[in-house]
Amino acid sequence: MNSTPHSRYLVHADDPTTLADVLDGIRSDPELELERTIGPPGAPHTAVVRMNDRQADALRQRFRSLTRLSIEPDQPLDPFADDGD
């Protein structure tokens, strides 16, 4: 078992079929935790996945041939953040 702390990542694809392929890979890896998907039922565009940095890099490499796929750390929203005004 990996002892590196897990963080939330957003996995996004413009094409639902592409994301479905990536989700199959995520679900088959017991070290990755799919928290939820975002988008229409049966055709999500984004997944929230709990994994560590090393696992995120490995997932990027595994699916590097897929275009229009992004894997990024989830950034918390702060409704009180200074917007520069």
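Because arginine 60 and aspartate 57 are 3 residues apart in helix H2, about one helical turn separates them, and the two form a salt bridge whose closest N and O atoms are 2.6 Å apart. A salt bridge here is a side-chain nitrogen of Lys or Arg within 4 Å of a carboxyl oxygen of Asp or Glu, while helices (H or I, at least four residues) and strands (E, at least two) are DSSP runs numbered from the N terminus. This is a predicted model, in which local features need pLDDT of at least 70 and side-chain atom pairs count only at pLDDT 80 or more, whereas totals for chains, interfaces and linings use all residues. Residues are numbered from 1 along each chain as its sequence is written, and side-chain values use heavy atoms, leaving out hydrogens and water.

By this rule there are 6 salt bridges. Arginine 54 and glutamate 31 meet in one of them (3.7 Å, N to O); arginine 54 lies in helix H2 (residues 53–62) and glutamate 31 in the loop between H1 and E2, so the pair ties together parts 23 residues apart in sequence. Another joins aspartate 74 to arginine 8 at 3.1 Å between the closest N and O atoms, linking the segment after E4 with strand E1 across 66 residues. Arg8 and Asp74 also belong to a salt-bridge network with Glu35 and Arg50.

The strands form an open sheet of 4 in the order E2-E3-E1-E4, with antiparallel pairing, where pairing requires at least two DSSP bridges between two strands. Its edge strands, E2 (33–38) and E4 (69–73), each pair on one side only. Strand E1 (residues 7–13) is joined to E3 (residues 46–51) by 6 bridges, and histidine 12 stands opposite threonine 46 in E3.
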